[in-house]
Amino acid sequence: QDGVTIRHPPGRSGLAAMLLEIWFDQVYTGDFYQPRAGDLIIDAGANVGAFALLLARSCPGCQVISFEPFAENFTLLESNVRGYPQVRTVN
C-alpha cells in the first residue's frame with residue numbers, strides 16, 4: 001500500500017501466505033508480543049525479512065538482529081531490509 005517492495009526467490013511459492021501470517025494475523029506480535037522502543041529482537045530463521053520489516057516499520061526504536069543461514073534467502077533479506085538501519089543481518 002505504501003510502496004514497500006519485498007523480494008522473494010523466483011519460482012518459489014508462499015510469500016503471500018507468509019505476509020498474511022506475519023503482517024495480518026500477527027502470529028509473532030498481537031497478543032503475544034508488542035514491540036517497544038529499546039527492545040532488541042532476535043529474528044532467527046529470518047527468511048527474506050518479512051518479520052524484520054514489520055518490526056522496523058512499526059517500531060523504528062527497536063533493534064532487530066536477523067539470522068538467515070540459506071544464501072539465497074540471505075541475499076534477499078539484505079535487499080529487503082536495506083534502508084532500515086535498525087535491522088542487522090547475519091548469515
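Predicted model: local features only at pLDDT ≥ 70, side-chain atom pairs only at ≥ 80, totals over all residues.

Student: OK, so at what angle do helix 1 and helix 2 pack?

Tutor: Helix 1 (residues 15-24) and helix 2 (residues 50-58) pack at an angle of about 35°, and their axes are 10 Å apart. Helices (H or I, at least four residues) and strands (E, at least two) are DSSP runs, numbered from the N terminus. The axes are lines fitted to C-alpha atoms, for helices over the stretch in contact, and the angles run from 0 to 180 degrees between N-to-C directions.

Student: And which residues meet there?

Tutor: From helix 1, Met18, Leu19, Ile22 and Trp23 meet Ala50, Phe51, Leu53, Leu54 and Arg57 of helix 2. Contact here means heavy atoms within 4.5 Å.

Student: How many residues of helix 2 are buried?

Tutor: Seven of the nine residues in helix 2 are buried, which leaves this helix mostly covered. The buried ones are Ala50, Phe51, Ala52, Leu53, Leu54, Leu55 and Ala56. Buried means under 20% relative accessible area, exposed means over 50%, and partly exposed is in between (1.4 Å probe, protein chains only).

Student: What covers them, then?

Tutor: The cover over the buried residues of helix 2 includes helix 1, strand 1, strand 2, helix 3 and strand 3.

Student: Which residues of helix 3 are buried?

Tutor: In helix 3, the buried residues are Asn73, Phe74, Leu76, Leu77, Ser79, Asn80 and Val81, and their cover includes helix 2, strand 2 (63-67) and strand 3 (87-90). Thr75 is also found in helix 3, but Thr75 is partly exposed, with a relative accessible area of 48%.

Student: Switching topic, how many salt bridges does a search of the whole structure find?

Tutor: The search finds one salt bridge, where the term means a side-chain nitrogen of Lys or Arg within 4 Å of a carboxyl oxygen of Asp or Glu. Arg12 forms a salt bridge with Glu72, and the closest N and O atoms are 2.5 Å apart. Because Arg12 lies in the segment before helix 1 and Glu72 in helix 3 (residues 71-81), the pair ties together parts that are 60 residues apart in sequence.

Student: Are those two buried or exposed, or something in between?

Tutor: Arg12 counts as partly exposed because its relative accessibility is 40%, and Glu72 also counts as partly exposed, at 43%.

Student: Which residues form the nonpolar patch on the surface?

Tutor: The patch is formed by Leu40, Ile42 and Phe67, which together have about 290 Å² of accessible area. Patches are made of residues with over 30% relative accessible area and no salt bridge, where like charges are joined within 9 Å and nonpolar side chains (Val, Leu, Ile, Met, Phe, Trp, Tyr) within 5 Å. Accessible areas come from the Shrake-Rupley method with a 1.4 Å probe, and for residues only the protein chains shown count as cover.

Student: Where is Leu40, and why does Leu40 count as exposed?

Tutor: Leu40 lies in strand 1 (residues 40-44), and Leu40 counts as exposed because its relative accessibility is 55%.

Student: Which residues have a positive phi?

Tutor: Among them is Gly83, which follows helix 3 and has a phi near 95°. Gln26 has a positive phi of about 50° although it is not a glycine, and Gln26 sits in the loop between helix 1 and strand 1. Asn47, again not a glycine, has a positive phi of about 55°, and Asn47 lies in the loop between strand 1 and helix 2.

Student: Last one: what does His8 touch?

Tutor: Not counting residues up to four places away in sequence, His8 touches Ser13, Leu15, Met18, Val48 and Leu76. His8 is found in the segment before helix 1 and is buried, with a relative accessible area of 17%.

Notes
Residues numbered from 1 in each chain as written. Heavy atoms only, no water.
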